[in-house]
Amino acid sequence: MKILLRFALLGILAFTGFCGYAQALEIYAALSSSDLRLIDQQLQALEGKDGSANAAYEGALLMKKAGLIRGAGKKLEAFKNGREKLEKAIESDPDNGEYRFLRLMIQEHAPDMLGYNKSIEEDSAIVVKQYASLKEEVK
């Protein structure tokens with residue numbers, strides 16, 4: 001029943017013009033899963049779209065994908081491309097709590113050997129400080 005209600009809500013949101021909200025929910029669902037197909041679908045949906053939010057989402061999705069694909073070279077390439085996109089988005093809007101949340105999620109799960117864990121405390125502080133103003137789908 002809850003699943004049916006959720007899909008109905010997503011359909012209503014998309015129909016009424018809140019596609020950004022529905023897409024963000026789908027992106028966060030992909031980020032929380034280990035379904036490579038779902039991640040690839042979201043990456044395709046973001047393809048060719050401009051904006052720092054899209055770059056942040058794409059970066060986070062690429063880094064998540066890196067943990068799921070095979071081959072060390074492919075993993076490293078996907079992670080580096082994703083890191084570059086996410087870092088660029090954060091650089092363009094350093095006070096954006098959602099971008100910091102995305103980076104925090106990745107940093108907490110990235111292998112130590114990648115060295116992508118230097119901003120955990122800073123990002124965590126910004127997310128906590130801005131929690132009340134974050135979008136509902138991020139909360």
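Select Tyr57 to begin: this residue is buried, with a relative accessible area of 7%. Buried means under 20% relative accessible area, exposed means over 50%, and partly exposed lies in between (1.4 Å probe, protein chains only). The model is a predicted one, in which local features need pLDDT of at least 70 and side-chain atom pairs count only at pLDDT 80 or more, while totals for chains, interfaces and linings use all residues. Residues are numbered from 1 along each chain as its sequence is written, and side-chain values use heavy atoms, with hydrogens and water left out.

**The aromatic pairs**

The structure holds three aromatic pairs. Rings of Phe, Tyr and Trp (its six-membered ring) pair if their centres lie within 6.5 Å; planes under 30 degrees apart count as stacked, over 60 as edge-to-face and the rest as tilted.

Next, select Phe79 and Tyr116. Tyr116 is buried, with a relative accessible area of 7%, and Phe79 is buried too, with 5%. Their ring centres lie 5.6 Å apart and their planes meet at 90°, so this pair is edge-to-face. Phe79 lies in helix 5 and Tyr116 in the loop between helix 6 and helix 7 (120-130), so the pair ties together parts that are 37 residues apart in sequence.

**The helices**

Display the whole protein chain as a cartoon. It has seven helices and zero strands; helices (H or I, at least four residues) and strands (E, at least two) are DSSP runs, numbered from the N terminus. Buried residues make up 38% of the 139 residues.

**The nonpolar core**

Which residues have the most contacts inside the largest nonpolar core? Select Leu61 and Leu102: these two have the most contacts within this core of 31 residues. A nonpolar core is a set of buried Ala, Val, Leu, Ile, Met, Phe, Trp, Tyr and Cys residues joined through side-chain atoms within 4.5 Å. Two or more residues come from each of helix 2 (19-31), helix 3 (36-46), helix 4 (52-66), helix 5 (72-92) and helix 6 (97-109). Helix 4 gives the most, with seven residues.

Centre the view on Leu61. Not counting residues up to four places away in sequence, Leu61 touches Ile27, Ala30, Leu31, Ile39, Gln42, Leu43 and Leu46; contact means heavy atoms within 4.5 Å.

Move along helix 4 to Asn54. At 17% relative accessibility, Asn54 counts as buried. Leaving aside neighbours within four places in sequence, Asn54 is in contact with Leu46 and Lys49.

**The largest pocket**

Finally, select Met63, Gly67, His109, Ala110 and Pro111, which lie nearest the centre of the largest pocket among its 20 lining residues. On a 1 Å grid over the protein atoms alone, a pocket is an open set of points where a 1.4 Å probe fits, with protein on both sides within 12 Å along at least five of seven lines; lining residues have an atom within 4 Å of a point. About 520 Å³ of space lies in this pocket. Helix 5 gives the most to the lining, with four residues. By class, the lining has 14 nonpolar, four polar and two charged residues.

Notes:
Points joined across faces, edges and corners; volume = space filled by probe spheres on them. Nonpolar A, V, L, I, M, F, W, Y, C, P; charged D, E, K, R; others polar.
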